[in-house]
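Welcome! Take a look at it first, and then we can walk through it together.

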Amino acid sequence: MPGLPTAPSPAPRSLPTAQRLLARAAAPAVGLAAGAAAGTARAGVRGLDAAARVGRVVRNALPGSGDHWRAGTRTHLAVRPLEQAGRAGGTEHLARRMAEALAEHPDVLVAYWDQGLARLVVTVTEEEAADRVLDHAAGLAERHGLVLEGAGVEETTHPADPAGVRAAVATLAADGAGIAVALTAYALRLPPSPRVVTAAVTLLRENPRSRAWLRARLGDSGMDLLLACANAAVHGAGQTPTSLVLDGVLRACQVADTVARSAAFDAVHDQLCAPDRVSLAAQGPPRPPLRVSPAQEYAAHASAGSLLGAAATLLVKHDGAEAAEAVLAGSPKAARYGPAAFHAVLSAALARTGVLVRAPQRLRQLEMAGTVVLHPSALRTEDGEADPWAEPVLDAARRAGLRVVLVDDPALEDFTGLADQVVDARRPLDDVVYEARGDEGAVLVAARVRTADEHDVLDALRAADVALALTDRDAAVVWGADILALHGLPDVWRVLTAVPAARRVGHRAQTLARSGAALSGLLVAVGESGGGRGRRSVLPGLRHAPVDAGAALALLSGMRSALGVAAARTPHPRPRVHWHELDPEEARDRLAHEPAPETGPFGGLGTRMRKAAEGVGRHPAVAPARWSYRLGRAVRGELQDPLTPVLAVGSAASAILGSVMDALLVVGALDLNALVGGIQRLRAERALSGLVAEQKQRARLVPPETEAPAGGIRTVEAGKLRPGDVIQLKTDDVVPADARLLWQEGLEVDESALTGESLPVEKQTDPTPHAPVADRRCMLFEGTTVVAGDARAIVVDTGRALWHSVADAIAILIGGNAGEVGFGILGALLSGRAPLSTRQMLMVNLFTDLFPSMAVAVTEKEGEADLGHVEEAAGVLGDPLLRQIRHRALTTCLGALTAWLIGRFTPGTARRSSTMALCGVVGTQLVQTLLDRRDSRLVQITSLGSALALVAVVQTPGISRVFGCTPLGPVAWAGVVAAIALALAGQRTLPRLERTVGRLLPV
């Protein structure tokens, strides 16, 4: 009835709740959609800008486009004096006067003479006024005794030289024409040209000597165009388009590279070309000649092998065509295609990020890099402090296996431990580079030049195999450098990460070339199968399909590796802070004001997309696809074995020789083994993941003051802690991360796993300036255990800074023992008995393994990285540690063996020789330890103390006899010192020896 109270309907009452739930659920989706829309808009704008720049590059490269570089409202004019004979510097003086007059034109915004580019840089008010200004400039030039030099724009000194684009497009067009001719001739059933002609051109094209001869007479562009046209002609007439398709893919990559580099200069033009910017021309001593690459070495050997194979084929078959097939079977193009594709794609990728590659041929020297010389100007910030990127750059250099040479500087004293050599700052940098060039391997130099007066730095860049000039901030633009790093050290880091990738690509390409040549040679030896009687039974050149397949795989491998380098996730370095020297409030304030890690334009969107993809991937509906993908990756990992290519090539050879069943058995066994191994690996990983999930460490996170008291202390995974988080600790807790104490009450921590100290350490909140790790009472270290008390601390890092110390201690123990064992075996083989007795071996371990190694383990190495991830720790404890162990073992063995041999070949007893060997073993190890940690007072004391104790034991008659020794005279001690010096000198040659052995005996 109307007016009676009624119960409210549940539907209207629940409607606001449903709307709130819907809004709450839709908020993330709306945010993601908005982010995607914004990112797409930004990408669209950048895409339009890039397209406009590429269009300007194409317009400059077209015939009849004009004689000067033009991009929108900007023009570069090359000038020369009307009279060729004139006083030095006259052209520059006249050009500056001309620029001043041109700047007065109403349509000109900026006009100045760029000394580095040797161009008159003009910026007009609008693009339509460019032609009028150009005509006016021509008149001004004539009045000032100058003439506009049209040919100057073709010089390779200009970063946007259109001649490079024209040459690359011309070679690509030659390949396209050759493909069209080959397909047309085959469709019209025309007879192919003789294979002898194709073989002759291929031999001329792939042989390094013939290429060098043509380059000396025609230049790089002329040689490349001539060989490309000849190659297209013979393969087109020979109806073998496959080779031209592969060559065309490489040419397309090179065209993209040249266009990208020109467009990159257009993008950064206003940043580099400004009237107040220091611009330096490419002047100074001549650049060193290009080193012979591994691909060129292989090509030289392959050419000789092809000729020998052709001669043998001619003697056996008496057929010139078959001899030509033998030449084609040994073509080393896979070894050339892989590195060429890698460097072309890498150069284009670097250009897209704003890195200018001025000399692509110098970029190809990265594969042979052996030393990097870093000038302090490249590693310092504007205020003179160490750049946060210095540590990632040094770490990247060590990961690449480079010998790091660092110029001494007070601001970089924390990083000297990461360098292989620290040179005096008073020494000219060019002398350092010339000395480094005496070692095997190319030398890369990175420096930031401020003024033209830094002659030694400029000469050092000229003397380097690869010169990298940092042009960020107010640095000068060194146009003579090979690479201009506009972003500073991040660009240097990216280039250094490309070094190991370039080596892998070169090694893989040579393996593919050898495999293809072996199989093609076998096909040539047994003849074409199938009779080959029908016109269309066999395509011309089918017997060289393995060579083409190897070249195709090398191309794909090179491009994929280059894209991997370009897409590698950059680190987010943080400034090095001595947290133990700060008050608690200072530490909190420092962490609160630390800048957030910089992300790219798609950083946030990419993170959200990855999280969304991970969420979809965890859905049960896609479990079969997820499991198949993981299985495929596991099987692929099992196939990455040195024997896999050998077995694959062997099975293919068996099939060629007629043993198809044997080949199928080998391939089947290989695949079955990989499948079983992959399944076992997946099961092991699943079991390990379960164990890790059960053992995940937890932490008590204290909420910020803005959330307290509403949000209480909550428990989170330790891996999710970030610098600045406050954690609470109680008795029996394991410290989840490195942290600075804010408050403590009776806190005692067991740090035995870290420092070796057996007793708990009492903690405090007061700073501990200049204290070693073991005495930093205000710090908590990840992995240690709270045995008493309560505390609150602020997280400063998530990984301990002791990986380098641990690695050095392991190298002392394992490397030293390996050297002792090696010396013992060699001594026994030479003399028939062990050179050291059991008691003497105990002395060695006492003096080298006990105190020095413990001191190294508890001492923080200056300049070591704060490694917070497993992959970063692997960079220290992986290959670098194995290399460190190997070098220490060989050096120790050499020192001991030399001292022992000196004792045997000088007058004295066998016990004297044994005592000298003992002193050689201990002395060589102690000196290595002392040199590695020369800045550590604790290591100095323990090493020198062990040396003095050794001398005392040896020289005290009674004690010496107990340990099987005898006191030594001056001659014997001189022999021991000489042996140690020889061993340390030999240690410097070990990297070069390893590279030589690795090149002669590729694995």
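Is N231 buried or exposed? N231 is buried, because its relative accessible area is 4%, and buried means under 20%. Please keep in mind as you read that this is a predicted model.

**The protein as a whole**
- The protein holds 31 helices and 22 strands.
- It has 1003 residues, and 45% of them count as buried.
- Among contacts with a separation of 6 or more, 74% are made by residues 24 or more positions apart.
- The accessible surface comes to about 48900 Å², and carbon and sulfur atoms contribute 61% of that area.

**N231 and its surroundings**
- N231 sits in helix 6, which covers residues 208-237.
- Which residues does N231 contact once its neighbours within four places in sequence are left aside? They are D175, V201, R205, L244 and D247.

**Two residues with a positive phi**
- Q239 has a phi near 60°, a positive value in a residue other than glycine.
- You can find Q239 in the loop between helix 6 and helix 7, the latter spanning 241-272.
- Q239 counts as buried because its relative accessibility is 4%, under the 20% cut-off.
- H318 also has a positive phi, near 55°, and is again a residue other than glycine.
- The loop that holds H318 runs between helix 8 (294-317) and helix 9 (320-329).
- H318 is exposed: its relative accessible area is 66%, and exposed means over 50%.

**A71 in strand 1**
- A71 belongs to strand 1, made of residues 69-71.
- With a relative accessibility of 1%, A71 counts as buried.
- Not counting residues up to four places away in sequence, A71 touches R56 and D266.
- From C-alpha to C-alpha, A71 and R59 are 9.2 Å apart in space, and they are 12 residues apart in sequence.

**A patch of negative charge**
- Which residues gather in a patch of negative charge on the surface? The members are D583, E585, E586, D589 and D766.
- One of them, E586, is part of helix 18, which spans residues 584-592.
- E586 has a relative accessible area of 42%, so it is partly exposed, the class between the 20% and 50% cut-offs.

**A nonpolar patch**
- The surface also carries a nonpolar patch formed by L643, V646, L647 and V666.
- Together, these four residues have about 330 Å² of accessible area.
- Which helix gives the largest share of the nonpolar patch? Helix 21, residues 643-656, supplies three residues, and that is the largest share.
- L647 is one of the patch members, and its place is in helix 21.
- L647 counts as partly exposed because its relative accessibility is 38%, which lies between the 20% and 50% cut-offs.

Key:
Residues are numbered from 1 along each chain as its sequence is written. This is a predicted model: local features need pLDDT of at least 70, side-chain atom pairs count only at pLDDT 80 or more; totals for chains, interfaces and linings use all residues. Side-chain values use heavy atoms; hydrogens and water are left out. Patches are made of residues with over 30% relative accessible area and no salt bridge: like charges are joined within 9 Å, nonpolar side chains (Val, Leu, Ile, Met, Phe, Trp, Tyr) within 5 Å. Accessible areas come from the Shrake-Rupley method with a 1.4 Å probe; for residues, only the protein chains shown count as cover. A salt bridge is a side-chain nitrogen of Lys or Arg within 4 Å of a carboxyl oxygen of Asp or Glu. Lys and Arg count as positive and Asp and Glu as negative; His and the chain ends are not counted. The place of a charge is taken as NZ of Lys, CZ of Arg, CG of Asp or CD of Glu. Helices (H or I, at least four residues) and strands (E, at least two) are DSSP runs, numbered from the N terminus. Buried means under 20% relative accessible area, exposed over 50%, partly exposed in between (1.4 Å probe, protein chains only). Contact means heavy atoms within 4.5 Å.
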